[in-house]
Amino acid sequence: MSYRLEKKPQTATFGAYPLVSLADAREKRDEIRRKLKNGESPKKVKKVAGVTFQKAWEAYWEGRQDVSTGYRTNALRALEMHLGPKLGELPVGSITRELLLTELMKMNAAGAFVYVRKVRMWAGQVFDWAVEHGHSSVNPAAAIRPEKAFGREEVESHAALELNQVPELITRLSLERELISVLACKFLALTWVRTKEMRFAKWDQFDGDLWRVPHGTMKKRRDHLVPLSTQALEVLAKMRARQNGDYVFPADHRNDRPLSENSVLYLLHRMGYEGKMTGHGWRTVGSTWANEQGFNGDAIERQLAHAPDDEVRAVYNRAIYLPERRKMLQDWADWLLPGSAPPSEA
């Protein structure tokens, strides 16, 4: 039987026929319907002695081998510091929405508006685990709406131009000498990668017109594939011709170090775009252009390395959307830098 609990799909199994008759199955089905109507959970909660909230989060995060060690450590430290003192020793199934919210609001009151959302998310994943393993009947974190419960701080986002302002910037950029920072800025624009990923790019990561960004420089623990347009390949050819170090975009006077993290930003400031455009802003500009052109939303998100948390869907996207992302980046490059790359040889 399929049903929904806390807006999540669930499945109940009644047993194998003919050991369980059709009449017995219908009776069990009706029992689940009655519980759902009365706001009760159909799941049978097995009370296991000693399963505290702390033991639950330790067990859950120990099993999360799909994330980096640093990410797992941050989650465990946050739960221990902010929820552990009051809730850590309580049975995980006894923690209510009110108890959890009281502790979270302490962070909110301290102005940690972004951090409190992360802690709620990490705690919610533990409660989901507890429900699945029969240690709890509900996920109290799921009943807390972050947009309603927590505040927001005014932060300056990564500045980005409107699409109609981009041609003027490209014209201004073409007047610059081809410094490393200029070529790096173009490469960011053509690939939509983060500044860190561009800075730490090494030659052995490139294979023809495909760049495999290793997970060590990514937010998530997996490689990111970036198809390269002819214009991006032209930038790489220019960088290859001028140096022999490991880094594609090295520091100005050191081949053994990556380009400074502020080089592209300072270039844009010098060109008159301070507060208007950043290297990271190319991700916003590119995404806006692709959405306006009608490209598949999943392909756009995948190109930005905003992969879904669902690992099966993430693998599917990686396999299916690479051809579409290749076309998308080439069309974008042709719009951004028309005629800048030589025609491909037949």
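Here is a short walk through a pair of helices and some aromatic rings. The model is predicted, so local features need pLDDT of at least 70 and side-chain atom pairs count only at pLDDT 80 or more, while totals for chains, interfaces and linings use all residues. Residues are numbered from 1 along each chain as its sequence is written, and side-chain values use heavy atoms, leaving out hydrogens and water.

Let's start with helix H9 (residues 180–191) and helix H11 (residues 230–242), whose axes come within 9 Å and cross at roughly 155°. Helices here are DSSP runs of H or I with at least four residues, strands are E runs of at least two, and both are numbered from the N terminus. Axes are lines fitted to C-alpha atoms, for helices over the stretch in contact, with angles from 0 to 180 degrees between N-to-C directions. That crossing makes H9 roughly antiparallel to H11 (an angle over 145 degrees). On the H9 side, the contact (heavy atoms within 4.5 Å) includes Leu 183 and Phe 187.

Phe 187 also has a ring partner. It forms a tilted aromatic pair with Trp 211, 5.5 Å centre to centre and 45° between the planes. Rings of Phe, Tyr and Trp (its six-membered ring) pair if their centres lie within 6.5 Å; planes under 30 degrees apart are stacked, over 60 edge-to-face, and the rest tilted. Trp 211 sits in strand S4 (residues 210–213), 24 residues from Phe 187. Ring pairs link Phe 187 and Trp 211 into a cluster with Trp 203, Phe 206 and Phe 249.

Notes. Parallel < 35°, antiparallel > 145°, perpendicular 65-115°, else oblique.
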